[in-house]
Amino acid sequence: MHFTGTIWRPPYEANSLLIEVTAGCTHHKCKFCTLYDDLPFKFRMTPMEDIEADLNEVTAQLRSWQSRQVKRVYLVGANPFVLKFERLKEIADLIHKYLPECETIGCFSRVTDVTLKTDDELRELHHLGYDGITIGVETGDDVALEFMNKGYKAQEIVEQTHRLDKADITYNFFYLTGVSGSGRGVEGALESAKIFNMTRPKIIGSSMLTIFPESELFQEIQAGNWEEEGELEKLQELKALIEHLEIPVFFASLGASNAVWVQGTLPKDKKKMIADLEKVCNPDNEAALRHYRKNLRHL
């Protein structure tokens with residue numbers, strides 16, 4: 001199989017077949033991100049012959065397993081949805097050729113990747129099986145989006161996900177707790193809840209900002225331009241987001257960046273999730289939570 005560098009996929013894609021179609025990120029400018037720093041290039045499309053070779057290898061392996069079928073394929077890379085419609089169609093056609101039982105195709109996407117597609121192209125991508133796209137929106141706080149150099153404004157999250165809704169392409173969000181900075185955590189959560197309440201994600205996964213020395217954000221902190229939220233402030237932010245979400249959605253703190261785990265279906269489990277967070281929002285826990293953050297070697 002052709003894989004390049006560290007492979008990232010959402011926890012809920014654990015049962016999906018992973019196929020590399022891109023490596024790296026077309027944006028690669030977010031101040032907090034170090035996920036693709038192990039690559040010697042910014043972004044690269046995987047050659048179609050490599051994708052076909054991987055699919056051929058998979059089908060050969062599946063024959064030896066006999067009863068195993070692949071119902072979902074997840075295309076890896078930071079944002080494969082950036083690829084032009086024709087390329088995404090070619091990839092889908094190959095997947096269906098080698099894995100006719102495949103029902104859906106997922107991948108990571110930036111908000112701006114959706115902008116590149118026409119409404120007709122989005123509808124056709126849905127018919128080709130693209131569904132359950134994961135978008136790292138991070139926040140609905142425009143101040144944080146601008147400072148972190150995300151490359152879009154909060155209202156664009158609403159506009160582009162509405163286009164996905166019209167095309168019947170479902171999507172999931174990743175929220176980055178702590179991205180608004182010290183003293184603005186709850187404010188960022190409230191702004192995010194306003195934006196998210198105008199959308200229809202199936203899942204909101206929350207990761208927690210962890211700052212590594214090689215990041216541009218670390219340099220901003222050293223220069224005195226930005227201050228990290230404390231660990232309890234991050235939990236208060238997470239609690240405020242859950243409290244103010246009004247849409248039906250599965251919400252979970254996902255990934256190793258979260259020292260405290262909370263999950264449930266909103267609105268049904270909201271009270272329990274808030275109670276669970278309140279239990280750990282104790283000043284005595286700040287040091288232990290900070291110890292966890294400082295000793296987190298990798299996400």
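In α4, the buried residues are Glu121, Leu122 and Leu125. Buried means under 20% relative accessible area, exposed means over 50%, and partly exposed lies in between (1.4 Å probe, protein chains only). The three cover an arc of only 100 degrees around the axis, which puts them on the same side of α4. The arc is that of the directions from the helix axis to the C-beta atoms. An α-helix has 3.6 residues a turn, so residues three or four places apart point the same way.

This is a predicted model, in which local features need pLDDT of at least 70 and side-chain atom pairs count only at pLDDT 80 or more, while totals for chains, interfaces and linings use all residues. Residues are numbered from 1 along each chain as its sequence is written, and side-chain values use heavy atoms, with hydrogens and water left out. Helices (H or I, at least four residues) and strands (E, at least two) are DSSP runs, numbered from the N terminus.

The face of α4 turned away from the buried side carries Asp120 and His127, which are exposed. The cover over the buried residues of α4 includes α2 (85–98), α3 (111–115) and α6. Contact means heavy atoms within 4.5 Å. Gly129 follows α4 and has a positive phi, near 115 degrees.

Strand β6 (residues 133–138) is mostly covered. Of its 6 residues, 5 are buried. Two strands pair if DSSP finds at least two bridges between them. Strand β5 (residues 104–109) pairs with β6 in the parallel sense, over 2 bridges. Here Ser109 has Ile135 of β6 as its bridge partner. Strand β7 (residues 171–177) also pairs with β6 in the parallel sense, over 4 bridges. In this pairing, Thr134 has Asn172 of β7 as its bridge partner.

Helix α7 (residues 185–196) contains Ile195. Ile195 is buried, with a relative accessible area of 7%. Neighbours within four places in sequence aside, Ile195 is in contact with Gly140, Ala154, Gln155, Ile157 and Val158. Asn295 lies 100 residues from Ile195 along the chain, and 33 Å separate their C-alpha atoms.

The search used a 1 Å grid over the protein atoms alone. A cavity is a set of points where a 1.4 Å probe fits but cannot get out. A pocket is an open set with protein on both sides within 12 Å along at least five of seven lines. Lining residues have an atom within 4 Å of a point. Grid points are joined across faces, edges and corners, and a volume is the space filled by probe spheres set on the points.

The count comes to 2 cavities of 30 Å³ or more. The largest cavity has a volume of about 80 Å³. It is lined by 14 residues, and Thr4, Thr6, Ile7, Tyr36 and Gly77 are the closest to its centre. Strand β2 (residues 22–24) provides the largest share of this lining, 3 residues. For the lining classes, Ala, Val, Leu, Ile, Met, Phe, Trp, Tyr, Cys and Pro count as nonpolar, Asp, Glu, Lys and Arg as charged, and the others, Gly among them, as polar. The lining of the largest cavity has 6 nonpolar, 6 polar and 2 charged residues.

The second largest cavity has a volume of about 30 Å³. Its lining is formed by Asp119, Leu122, Arg123, Arg163, Lys166 and Ala167. Both α4 (119–127) and α6 (154–166) supply at least two residues each. The most comes from α4, with 3 residues. This lining has 2 nonpolar, no polar and 4 charged residues.

The largest pocket holds about 950 Å³ of space. Its lining has 39 residues, with Phe32, Cys33, Leu35, Tyr36 and Glu138 nearest its centre. Two or more lining residues come from each of β5, β6, β7 and β8 (203–208). The lining of the largest pocket divides into 19 nonpolar, 11 polar and 9 charged residues.

The second largest pocket holds about 270 Å³ of space. Among its 17 lining residues, Leu17, Val58, Trp65, Arg68 and Val70 are the closest to its centre. The elements giving two or more residues to this lining are β1 (17–20) and α1 (48–65). The most comes from α1, with 5 residues. By class, the lining of the second largest pocket has 9 nonpolar, 4 polar and 4 charged residues.
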